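Let me put the structure up and we'll walk through a sheet and then the cores.

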Amino acid sequence: MSRKPLPAQAGERSRAELSFDKPQALSQLFGQYDRNLVALENRLGVYITARGNRVGLEGTAEQVALARDVLNDLYARIQRGEEVDAGLVDASIAMASEPTLEGIISAERNAAPRIMIRTRKKTIVPRTPAQAQYMKELVSHDMVFALGPAGTGKTYVAVAQAVAQLITGSVQRLILSRPAVEAGERLGFLPGDMKEKVDPYLRPLYDALYDCLPAEQVERRISSGEIEIAPIAFMRGRTLADAFVILDEAQNTTPAQMKMFLTRFGQNSRMVICGDPNQVDLPGGVAASGLADAVRRLEGIEGIAMSRFTAADVVRHPIVGRIVEAYEGPNA
């Protein structure tokens, strides 16, 4: 791989060369048609040449250092069996800009990160500094509010942590809940029994579960009651002990619903409340949201953590982050 050098930029030019000892890993490191290297060039402004198992870097000292860190990080991930995709490349670039974050960017590139969640199907590692902090809080706090736009991994990471604790026996049950509120539509009458009526609202929770556990285990655990997926209305009157409880789309609860749900908290339980405060589908908008009310009342209380995400933490396609910024940024 060799492309036309990038235009000269201000600052002294620096060069570095990396050598990788496992050529079979280079196709995944470089990506199809070298798309990962192209992404590095575009994002960091560095010029990259690749010949055999050697990669040359040219740019400012800072650009070269960041590109070297990202390539070493991606190579180490491949050696650990992780799949490198466009999202992971973007995440590694973002993480490389946070060199003081313990356990994510370290001198020991071949060591597994200290922050991770292991499930039956995959190992989840943080893709942004905010996700890394969120993972820490899921371990250290009994109740966590995850606040931010769609695509930042709030619910997915929470489900992964819940599955990991269920597998190890730290909790006996996994309870996933959502308010059955339509997103700006009037769907009218839905056919079928109660489960068939509410399942469309809960589909994102099923998707996350199937990503962390084999399908047969998900079905078996749902049948046995180890995993329960239900609308928030089904929570009234219960005490949720020995359970990992997740409330998704919490911005669409009313203050009364939120109070009811939070007070279901029982012994040896963990509770995660996920929502986007700016995407309320209730009549009355943000002022009617139980999530905003709960954050106002509970922030600073011992044992409760508030994890906040922004458009910069979106781990879907990069354009999603730009769309979120356009809708919620200073010019919104």
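Quick definition before we start: two strands count as paired if DSSP finds at least two bridges between them. Strands are DSSP runs (E, at least two residues) and helices likewise (H or I, at least four), numbered from the N terminus. Bear in mind that this is a predicted model, where local features need pLDDT of at least 70, side-chain atom pairs count only at pLDDT 80 or more, and totals for chains, interfaces and linings use all residues. Residues are numbered from 1 along each chain as its sequence is written, and side-chain values use heavy atoms, leaving out hydrogens and water.

Strand 2 and strand 3 (residues 54–60) pair over five bridges, and Ala 50 stands opposite Val 55 in strand 3.

Now the cores. A nonpolar core here is a set of buried Ala, Val, Leu, Ile, Met, Phe, Trp, Tyr and Cys residues joined through side-chain atoms within 4.5 Å, buried being under 20% relative accessible area with a 1.4 Å probe, protein chains only. Which residues touch the most other members of the largest one? Out of 37 residues, that's Tyr 134, Leu 174, Leu 176, Leu 209, Ile 229, Ile 246 and Val 272. Helix 6 gives the most to this core, eight residues. Apart from it lies another core, of 26 residues, including Leu 18 and Ile 48.

Note on methods
Buried < 20%, exposed > 50% of the residue type's maximum accessible area, 1.4 Å probe, protein only.
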